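Biologist: Hello! Could you show me the structure and walk me through the words used for it?

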Amino acid sequence: MNIRKIVAKNTILQICLNFLNLFAGLYSISLIARYLGEITFGKYGFISSFYLFFITFLDLGISIVAIREIAKEREKARNLLSSFVTFKLFISILLAFLAVAVANIFPFPADLKLILSLYAP
């Protein structure tokens with residue numbers, strides 16, 4: 001098959017899958033909102049955004065650096081990958097503890113503090 005046809009087919013497929021993913025997300029959020037009600041859905045949204053704030057600090061370009069270093073030194077790929085995975089695991093555990101600490105420092109309601117403590121990433 002011609003490379004242009006392959007690229008065009010893959011591009012169209014990616015666009016279609018992105019739209020499908022968007023509509024599935026919108027549909028599932030509407031179902032969750034109807035099921036939970038206004039107040040509980042608000043808590044759900046707060047919990048999700050609270051942890052998304054901490055998850056944004058998890059990568060910060062570490063994956064790009066890992067790929068670059070592994071591409072430079074393929075013979076050390078296993079050791080480099082192990083180091084990067086260990087580092088990301090350490091950072092994720094640190095961020096989970098930080099998120100729970102922040103959740104308990106702020107004056108959130110008790111049920112929200114419990115959920116934030118249990119839902120730690």
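**Helices, contacts and exposure**

Modeller: Gladly! Ile29, Ile32, Ala33 and Leu36 in H1 meet Glu38, Thr40, Phe41 and Tyr44 in H2, where contact means heavy atoms within 4.5 Å. Helices are DSSP runs (H or I, at least four residues), numbered from the N terminus. This is a predicted model, in which local features need pLDDT of at least 70, side-chain atom pairs count only at pLDDT 80 or more, and totals for chains, interfaces and linings use all residues. Residues are numbered from 1 along each chain as its sequence is written, and side-chain values use heavy atoms, leaving out hydrogens and water.

Biologist: Why are H1 and H2 called oblique to each other?

Modeller: Their axes, lines fitted to C-alpha atoms over the stretch in contact, with angles from 0 to 180 degrees between N-to-C directions, cross at roughly 130°. Angles under 35 degrees count as roughly parallel, over 145 as roughly antiparallel, 65 to 115 as roughly perpendicular and the rest as oblique, so H1 and H2 are oblique.

Biologist: What makes Phe23 count as exposed or buried?

Modeller: Buried means under 20% relative accessible area, exposed over 50%, and partly exposed in between (1.4 Å probe, protein chains only). Phe23, in helix H1, has 52%, so Phe23 is exposed.

Biologist: And how do you know where Ala33 belongs on that scale?

Modeller: Ala33, also found in H1, has a relative accessible area of 27%, so Ala33 is partly exposed.

Biologist: Why does Glu69 count as buried?

Modeller: Glu69 lies in helix H3 (residues 62-72), and its relative accessibility is 17%, so Glu69 counts as buried. Leaving aside neighbours within four places in sequence, Glu69 is in contact with Leu80 and Phe84.

Definitions and conventions: Helices (H or I, at least four residues) and strands (E, at least two) are DSSP runs, numbered from the N terminus.
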